[in-house]
Amino acid sequence: MRKELLHYNIGSSYGGNQEWFTSFMMRLGGCAAETACECCIYLDKYKGTNLCPFDINNITKAQYARFGDLMKPYLHPRMSGIDRLSIYIDGFGRYLKDRGSDITLTGVEGSEDVRTAKRIITEQIDRGLPVPYLCLYHSNPRFKEYEWHWFLINGYESFEDTLMVKAVTYSEWEWLDFDELWNTGRARKGGLIIIRMD
């Protein structure tokens with residue numbers, strides 16, 4: 001079974017990109033803010049919310065960068081990064097509240113059983129909701145580019161005991177084996193965010 005959420009383009013880019021942000025620190029460590037911006041634009045475009053202050057059907061790179069500036073006070077880069085789900089939930093949650101939204105956020109820690117995480121991922125995608133994901137250190141060099149990084153999951157494909165997920169970051173996407181992604185082999189874990197609209 002395969003399910004991919006619709007996304008959006010800015011020019012030829014698949015969604016936004018933190019490299020467009022205006023400040024050096026946001027370009028370096030603005031992945032949490034980028035993921036929040038991506039969620040807002042997606043939810044406005046496909047769920048009828050009002051979270052992005054720009055025309056999401058005609059958003060430009062410059063406007064996306066401005067959106068990052070607006071998100072920065074809520075999810076600003078820091079020395080250790082936004083390395084806990086609670087920081088993301090608090091920051092993005094405050095942004096949502098300030099926009100008058102009743103969307104709530106909860107987290108699933110990376111220490112949770114992989115089967116539970118798989119079920120939640122597929123349930124969220126089946127509901128038409130993207131999943132912000134935090135990967136901290138990973139023992140598998142395959143995931144080097146995802147270390148200490150927030151990105152979006154907006155699709156899955158399941159067959160037999162394997163779940164592949166569609167990971168979106170830096171205006172690109174690729175399919176990752178979820179078991180390998182989730183089982184980092186490290187003591188400190190990341191996790192994922194559940195968006196609730198009910």
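A residue is called buried when its relative accessible area is under 20%, exposed when it is over 50%, and partly exposed in between, with a 1.4 Å probe and protein chains only. The model is a predicted one, in which local features need pLDDT of at least 70, side-chain atom pairs count only at pLDDT 80 or more, and totals for chains, interfaces and linings use all residues. Residues are numbered from 1 along each chain as its sequence is written, and side-chain values use heavy atoms, with hydrogens and water left out.

**Helix 3 and Met71**

- Helices (H or I, at least four residues) and strands (E, at least two) are DSSP runs, numbered from the N terminus.
- Helix 3 spans residues 61-71, and its buried residues include Tyr64, Ala65, Phe67, Gly68 and Met71.
- These residues lie on the same side of helix 3, because they cover an arc of only 155° around the axis. The arc is that of the directions from the helix axis to the C-beta atoms.
- The cover over the buried residues of helix 3 includes strand 2 (9-10), helix 1 (24-29), helix 2 (31-47) and helix 4 (85-98).
- Met71 belongs to helix 3. Leaving aside residues up to four places away in sequence, Met71 touches Ala33, Ala36, Cys37, Cys40, Phe92 and Tyr95, where contact means heavy atoms within 4.5 Å.
- Between Met71 and Ala32 there are 9.4 Å in space, C-alpha to C-alpha, and the two are 39 residues apart in sequence.

**Aromatic pairs**

- A pair of aromatic rings is described by the distance of the centres and the angle of the planes.
- Rings of Phe, Tyr and Trp (its six-membered ring) pair if their centres lie within 6.5 Å; planes under 30 degrees apart count as stacked, over 60 as edge-to-face and the rest as tilted.
- This rule gives a count of 15 aromatic pairs. One of them is the tilted pair of Tyr137 and Trp148, with 4.6 Å centre to centre and 45° between the planes.
- Tyr137 and Trp148 are eleven residues apart, and each is in the loop between strand 5 (131-135) and strand 6 (149-159).
- Tyr137 is partly exposed, since its relative accessibility is 48%, and Trp148 is partly exposed at 28%.
- Tyr146 and Phe151 form an edge-to-face pair, at 4.9 Å centre to centre with 65° between the planes. Tyr146 is buried, with a relative accessible area of 5%, and Phe151 is buried, with a relative accessible area of 1%.
- A cluster linked by ring pairs contains Phe54, Phe67, Tyr74, Tyr88, Phe92, Tyr95 and Trp150.

**Charges over rings**

- A charge sits over a ring if NZ of Lys or CZ of Arg is within 6 Å of the ring centre and within 35 degrees of the ring normal.
- Arg142 lies over the face of Phe143, 5.5 Å from the ring centre.
- Lys166 has its charged end over the ring of Trp173, at 4.6 Å from the centre of that ring.

**The largest pocket**

- On a 1 Å grid over the protein atoms alone, a pocket is an open set of points, where a 1.4 Å probe fits, with protein on both sides within 12 Å along at least five of seven lines; lining residues have an atom within 4 Å of a point.
- The largest pocket holds about 300 Å³ of space. Grid points are joined across faces, edges and corners, and a volume is the space filled by probe spheres set on the points.
- Its lining consists of 20 residues, of which Leu28, Gly29, Cys31, Gly81 and Trp148 lie nearest the centre of the pocket.
- Helix 1, helix 2 and strand 6 each give at least two residues to this lining, and helix 1 supplies the largest share, three residues.

**Positive phi values**

- Glu160, a residue other than glycine, has a positive phi near 50°. Glu160 is in the loop between strand 6 and strand 7 (162-169), and it is exposed at 84% relative accessibility.
- Ser171 is not a glycine either, and its phi is positive at about 65°. Ser171 is in the loop between strand 7 and strand 8 (172-177), and it is buried, with a relative accessible area of 12%.
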